[in-house]
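Subject: Structure handover

Dear colleague,

Please find the structure below, followed by an account of what was found in it.

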Amino acid sequence: MEQIIATVRGFAGALVVVPEPGGDFPEIAWGDAYFYYAPDGQMPQNVQPYGTIVTKNYPDDAACDLDPPGRWRVNIHADRATFRKLTGEEPRSLTRPRDYAAADSVMPHPVYGALGWICVVNPGARTTDTVVQLLRSAHDAARTRFARRHEPGRSLEDD
């Protein structure tokens, strides 16, 4: 997990937010990580992260069985073609049964797969390189969206 966080921190313009006790984030987010493109180092407003790491089950997201010690999951937004290539399915047409608790396997996110999110529980030898490539692509896509939103002469109505 720390290796992936360090890798993302090395991307130009990356902001990695890791909520801790005593901060502004709710307790359930403590220990998780959120990846943004934010060249000014400030947490973006009205923008979702392009990737996350979660270290526990959430109330509506327990299929990956993340509560046992040492289990965590990286989640990455992927473009449609990449999603199809990795899963063999369209994001909005997921029908294959999956073992979402399986470690070191690339699969659709159990809750947000239909929105193009990929996940890997405890990336290992089979998936770490893929995870890093996916995070790099998601970061680059976030940078492109940022540049488009900040074009000179663009108004808020353009969004």
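The second largest pocket is lined by Tyr-50, His-77, Ala-78, Asp-79, Thr-82, Gln-133, Leu-134, Ser-137, Ala-138, Ala-141 and Arg-145. On a 1 Å grid over the protein atoms alone, a pocket is an open set of points where a 1.4 Å probe fits, with protein on both sides within 12 Å along at least five of seven lines, and lining residues have an atom within 4 Å of a point. The volume of this second largest pocket is about 160 Å³, taken as the space filled by probe spheres set on the points, which are joined across faces, edges and corners. H3 gives the most to its lining, with six residues; helices (H or I, at least four residues) and strands (E, at least two) are DSSP runs numbered from the N terminus. The lining of the second largest pocket divides into five nonpolar, four polar and two charged residues.

The model is predicted: local features need pLDDT of at least 70 and side-chain atom pairs count only at pLDDT 80 or more, while totals for chains, interfaces and linings use all residues. Residues are numbered from 1 along each chain as its sequence is written, and side-chain values use heavy atoms, with hydrogens and water left out.

The largest pocket has a volume of about 1,100 Å³. Its lining comprises 41 residues, of which Tyr-36, Val-47, Gln-48, Pro-49 and Tyr-50 lie nearest the centre. E2, strand E3 (51-54), E4 and H3 each give two or more residues to that lining.

Ile-76 is found in strand E4 and is buried, with a relative accessible area of 1%. Not counting residues up to four places away in sequence, Ile-76 touches Tyr-50, Gly-51, Gly-116, Trp-117, Ile-118, Val-131, Leu-134, Leu-135 and Ala-138, contact meaning heavy atoms within 4.5 Å. Ile-76 and Leu-135 are 59 residues apart in sequence and 6.4 Å apart in space, C-alpha to C-alpha.

Yours sincerely

Notes: Nonpolar A, V, L, I, M, F, W, Y, C, P; charged D, E, K, R; others polar. Buried < 20%, exposed > 50% of the residue type's maximum accessible area, 1.4 Å probe, protein only.
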